[in-house]
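Biologist: I would like a close look at one part of this model, with the terms spelled out as you go.

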Amino acid sequence: MTDERPHPVCPAASLPPGERRIIEIEGRSIGVFNVDGEFYAVANVCPHQRAPLCTGDLTGTTRASGVDNIEWHRDGEVLACPWHGWEFDVTTGETVFNPHRWSATTYQTDVLANPEAVERGEEDPAIQMHRVDVDDGIVVVYV
Ligand code: FES
């Protein structure tokens, strides 16, 4: 049995795709995002140094689509921390880009695994997600 309780946030119509609302529930700051009509709720705290993660840009990311071709994808699904640029998938909470595990060498375009981070066994922490429903047109977050 879960201890989660429903908390009404706002009418779904007042939170259109691409928008967010940062709310306070039981002393916790939570960002509620509309990503292409689906709602997601994310703890407003970055696992790195506790920045207000949900105030960061909602953007996309790049991926290689061939030997020398990079393309933009997942536009509007990637939340970038405003302090140091760590990126998270707002639909799953998983890390998309952890700048501490990667370093770019100066004067080269290679991106290499950061051996110190790997040696320290640093993981890519996920952010905390909360369940969201839309009930009678009202966005409801469970905390
Ligand atoms: S506090 Fe978020 S990346 Fe550093």
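Biologist: Which residue in β6 is the bridge partner of T59?

Modeller: The bridge partner of T59 is V78, in β6. Before going further, please keep in mind that this is a predicted model, in which local features need pLDDT of at least 70 and side-chain atom pairs count only at pLDDT 80 or more, while totals for chains, interfaces and linings use all residues. Residues are numbered from 1 along each chain as its sequence is written.

Strands β5 and β6 pair in the antiparallel sense over six bridges, where strands are DSSP runs of E with at least two residues, numbered from the N terminus, and two strands pair if DSSP finds at least two bridges between them. Both belong to an open sheet of four strands, ordered β5-β6-β7-β8 with antiparallel pairing, whose edge strands, β5 (58-64) and β8 (95-97), each pair on one side only. From one strand to the next, the twist averages 55 degrees, with axes fitted as lines to C-alpha atoms and angles running from 0 to 180 degrees between N-to-C directions.

The core has 22 residues, of which V32, Y40, A41, V42, V90, V132 and V141 touch the most other members, and its largest share, four residues, comes from β3.

Note on methods. Core = buried A, V, L, I, M, F, W, Y, C linked by C-beta atoms within 7 Å. Buried ≥ 20, exposed ≤ 12 C-beta atoms within 10 Å, placed from the backbone.
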